[in-house]
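Okay, thanks for coming, everyone. Let me put the structure up and then we'll walk through a few parts of it.

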Amino acid sequence: MVSRNSTAAPRKRTRSQNDEEPSSTAKKRRLGTSENSPTTDADVADDAGAGAGADEDSKPPPATNGTLRRGRSLRAAQAGKQSLAHPKEVPAVEEKPRKQPKQAAQLAKDKKQPKKAQASVSSPKTSVYDVPDSGEDELSTATVAPRRSRPKSAAAAAAADEVQPPPPTEGDEPPKKKRGRPSKRDREAQAEAQKAAASSIEIPTAKKPKGKLAEHAELPKGILTPRKGKVGGGRPPKGVAFDSRPDDEALDSLAAESPSKSARKRRQAADDADEMAVDEGPKEEEQQASGKESGSDEEDDEVCAICSKPDSDAPNEIVFCDNCDMPVHQECYGLAEVPEGDWICRNCSQDDVTSTAHGGADQMKSSVVAREDQRPDIPNFDQHLRSAQRVLLDRCAARRRIKLRGQDEAYEKASQLVEQTIVAGEGNSMLIIGARGCGKTTLVESLITDMSKQFQNQFHVVRLGGFIHTDDKLALREIWRQLGKEMEVEDELVNKTTNYADTMASLLALLSHPSEIAETQDGVTSKSIIFVIDEFDLFATHARQTLLYNLFDIAQARKAPIAVLGLTTRIDVVESLEKRVKSRFSHRYVYLSLPKSLPAFWDVCKQGLSIDEEDMALEGVDLKLKGHDAFWEWWNGKIDSLYQTQGFKDHLESHFFSTKSVSAFLTTCILPLAALSPTAPSLQIPTVAGLSVSLEPPDSKLHLLGSLSDLDLSMLIAAARLDIVAHTDTVNFAMAYDEYTSLMGRQRVQSASSGMLALGGGARVWGRGTAGIAWERLVALGLLVPAAAGGRGTAGLGGLDAKMWKVDVALEEIPAAVKLNAVLARWCREI
Amino acid sequence: MSGSLFQLPDELILTTLAQTFPCREAQIRALSTLLYPGAAPCRNLVIYGTEATGKSAITAALLTRLSDQPADDGFSLQYAVVNSAECITARHLYESVVGKVADALAWDGPPSRCETVSQLTVELAKMLKYTTRPDGFRFVLVFDGIDRQRDAPHTLLPALARLSEIIPSLTTVFIVTSPPPHFLLTSSVPHLHFPTYTKPDFISILSVSPPPALPNTTAQETADLWARFTAAVHDALARAASRTLPSFTHACTALWPRFTGPIHAGTHTAREFSKLLVAARVHFQDERLLDPGVLALALTTTTTTTTIITPTQQQQQQPKKEPNNTTTAMANAGADLAHLLPTTPRLLLLACYLASHNATKTDLTLFSTHHHGRRRRGGGLSVSGGGRGRGRPRSKHRKIARKLLGAHAFVLERMLAIFAAVRGEWESLSLSQQQQQQGEEVLLQKGDADIGMAIATLASLRLLVRVGGTAAGGDAMDCGGKWRVNVGWEVIRGLGRGVGVEVEEWLID
């Protein structure tokens, strides 16, 4: 038997693997049927006899014990062969017999043993004989097909098997035989003890197996011990498939002492060693808790990281980095000769660190120098430029108003209304509706400026804002305060009326026409008042719209000359007014629109880059300074030529087509304008990438992904995958970490089998604590948002593990937003 | 006159600042342009970026220097920084704004109450608008971490953005992590991005302060070795797991002594970087460097760039970190917990876990002895399929293991029933496990009295939590009360093994 092992094992290995699965399933099925329909002892024995085949069928039913032992030994021998041929298979083989008895023991204690014997006898038999037995059931015939290919060795094996009597088998293979048994017996013994202690009802059924066990009572000890010893020392080399090599131990010790082989070179002669390493690979991997991929397990598929070719010949060999196991060709990496001892790639040795630090600064300098160009010959150029910058930057930064363009009609309408109020004392109300940044405030403010020039001291302005004055009480007090300030009412009066009703009453008194109220206060005249209400729609949300009602009522009833100008972005704002408020509103509207065409847009935007002739004096530009005309001619020429350049046109168009927001465009002009200097006076919009920072807001949260570490990204991807894979919209840390570890596990298996390059830190599985930190970081960055309170009822409880979150990033967005390494990219791609 | 001309701030300020904060020169220049009264001061400014990228520190340092500058060219700047992490409520925020602005302006008015944005506007207008200031004056108000303000009304940010419309000489700066689009609800605000440091950035930041020279090594060699070492640490730890400057700095300082151990011992010289790297490879894989439990005592080694932002982070992460720390601590001390608790509470806790993690409908299968004469355990088979780290067959939509979903609430009565069902078996298990028949037996025979006590003990240790509306009132022993187990799988598994119970066998997925 031993001799056969050594010769037939190489081929046997694959075959026995094939056999293992079907035969064991057959076993299970049979057991299952025996569970369902209880059979008698005789039945079982008969069955066993039939299953056992030709060499056993003469045995009478009472000899089931003998059958059992024989079958077991055969099976164990099989297992032993497998363990010799393929060390990794051992645990699996061990597992099956152990589980089998455990299940069976619970239901059919005494019937189990013969049944098992029969099953286990039949399976080695089927592997031995070419032609399936008639007693064999159809399940095990499935195993025949792979066997046919090698009739000779099978026949030899059969011969050996038949010749060999049971006692020698036991003597020869005692350690293997015990493989399945001890655990079962231990378990049963334990169960016995427990049952005895708990005085359970199952004692009668449990007794029989115990008695059976007692027969083998002395066997375990004597047999177990040599086996242990064998595993430790006198075991044949693992790679039975290949000629055993003496330097096997050397390889072993090398694997144990350092995670990677130092500067391994490929040689044709070393092929055998490589093969050995293949066998050793998985084991070694298991041993290393660090999770580092060792480079040794995929030598055959190792390709150069640069040219992706696997060939490795004398002048141009593949060299491995000792830190990250990156394989490269000597020529690809520029290595003249194979280095002795440890070799570390440039990436790991961090040679580039010091050089790049200096290089960056130089680059910056040189590009700044490149921007210098001719300075026009204009007197007082420096001063002209700086004053122009002052005005233009103030406009771009929204500190000076730019003129309203293309909104003349709206302006006329509003101005007429306000003028009527001031001059004729009419009460009026009007809504100014338009998108953000279209010039509502500019319109109103320039209106007021114009009016105050025309009618000095004939009106007051009260400004309210929906965001600031969040309820009517605050708004009223604010009105009172502003009027008091403008009318120079004493502070005491203002401060005295803290009561809402008092404020209202005195305000109404203040606003009402003098003739209506008998006791007119001195110093309080009936001047016109213009109310500018910003974010008008928010005032409509206040309780009962008291303020709006009163203001509109005053305006409509001509109690006092007031004009109410409401500014809002909502076109349906009137719908939100109560009926009584709506009926008092004059229903006058002014709609402002964003620029309708690109030239119109440029017309508005141009004010941020150039000053009109008529505005010069107004903006405080010194007209009399020498060279004024020449400078502005030069400057306007510059702006016009800038407008002609394609880059600038694209920039302008992108703003026009995305938002039409003038102020957004002007914001982008701030830094280029500020960067102008007499030595570098030419404007560059948009700025050259990389030179300066952009002032534009980020598009989405995705910019955050760039700042995540690999682990953060892995957790995020794992959580986002769960969205799709497990069809949940909420995840917690436990789920995401579980997904992460299983992905990581699969990844390691794949990289080990496909020979893909393990990507350094990417192959490392991080512990729960570190992953928890990563998870918290994702939360802090807002990439995970808390699921609604009460989602699964775990909100706030259960710590980090159980709290439910929603992933704010979709899986498909991740690869687009950030450059992922190959592993993470695949996780995003393959569901 | 001077006020009408454009002028950039003093170049000297910018260069010194750029040396203090390496790799942030572009941001410093842009920021100074946008804040300096003589340049292009804007009304609102949003500064955004992830944690520990120098947002707060650079803003504060720049403003300090700009305000210290003599006002001889007609431009003067005052500033106040309000950190939202220090303000518990919105009102707290308003009042600290008023207080800090008054301090900065040396305003001697009486302190006033300030409950709403409206009042804040009035107070600020009093100090900045109605008081006449020189032409080139500007006040910069910095709201640090305003996106993390607690109890903020939803109109807070738009309202604060309107302050500078009302008060022309005010610049408002918002420092946030990630601005949602149009979160200020005004037309275009300049946004200044502080990107994460890249690898060369990290290295050059740490190279600013190299460690003292090693024995038998020149300072230059040490600095070179330090640079290469930090790069290696970056690749091993920072990029892989924790990409922030504080954790990176901490990892470097913690690893440096171990890395240079061979140099101290004299076995290697500072030039043999690759040999040192191979020798220290184990340390580079040490995960404890990043783990909070170990980090806690060494957190003082943060650099200046992070001193201001850390409170923000801590404030944010505090509530979540707390339970995590206890959980991991308990996971480590799982065995300890088993030692500390008497047997009955331990078994009760296991029963609670089963009650929390098994569906009610499976109770009959698990615990009933009616049909089969003995209990059928769920068995590890179904559970191990969804086990941690093991591969499992994938259908189109995978089922998530129940124990990953967190604990569910259970009715106390059900848990007691489960406990009663498994008690006999488990107690004998634990007895045989412990081999201490005498003492335990006496304890166990006591009956129901100690169950109530045990539940109370578990509840007071927060291992068991009362949930539902009656959590505040009601009798704790009310059988209809709902509870939830508050310990995780690792602890329970350890606890179960401590008493000889394999908890996996009792879970049905």
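This is a predicted model: local features need pLDDT of at least 70, side-chain atom pairs count only at pLDDT 80 or more; totals for chains, interfaces and linings use all residues.

Residues are numbered from 1 along each chain as its sequence is written, chains are lettered from A and ligands numbered from 1 in the order in which they are written, and side-chain values use heavy atoms, with hydrogens and water left out.

So, the overview. Helices (H or I, at least four residues) and strands (E, at least two) are DSSP runs, numbered from the N terminus. Chain A has 37 helices and 9 strands, and 49% of its 831 residues are buried. Chain B has 22 helices and 8 strands, with 54% of its 509 residues buried. A contact here means heavy atoms within 4.5 Å. In chain B, take the contacts between residues at least 6 apart in sequence: 74% of them join residues at least 24 apart.

I'll stay in chain B from here. Look at strand 3, residues 136-144. How many of its residues are buried? It's 9 of the 9, so strand 3 is largely enclosed by the rest of the structure. Both faces are covered: one side includes B:Arg138 and B:Asp144, the other includes B:Phe137 and B:Leu141, and these are buried.

What about its partners? Two strands pair if DSSP finds at least two bridges between them. Strand 2 of chain B (residues 75-83) pairs with strand 3 in the parallel sense over 9 bridges, and B:Asn83 stands opposite B:Asp144. Strand 4 (residues 170-176) also pairs with strand 3 in the parallel sense, over 6 bridges, with B:Phe143 opposite B:Phe174.

Next, a helix pair. Axes are lines fitted to C-alpha atoms, for helices over the stretch in contact, and angles run from 0 to 180 degrees between N-to-C directions. The axes of helix 4 (residues 90-105) and helix 5 (residues 117-128) of chain B come within 10 Å and cross at roughly 5°. The two helices are therefore roughly parallel to each other, a label for angles under 35 degrees.

Last stop: an open sheet of 3 strands in chain B, order 6-8-7, with antiparallel pairing. Its edge strands are strand 6 (410-411) and strand 7 (464-467), each pairing on one side only. B:Leu464 stands opposite B:Val485 in strand 8. Helix 16 lies across strands 6, 7 and 8, at about 105° to strand 8.

In helix 16 (residues 343-357) you'll find B:Ser356. B:Ser356 is buried, with a relative accessible area of 0%. Leaving out residues up to four places away in sequence, B:Ser356 touches B:Ala407, B:His408, B:Phe410, B:Arg484 and B:Val485.

Key
Buried means under 20% relative accessible area, exposed over 50%, partly exposed in between (1.4 Å probe, protein chains only). Angles under 35 degrees count as roughly parallel, over 145 as roughly antiparallel, 65 to 115 as roughly perpendicular and the rest as oblique.
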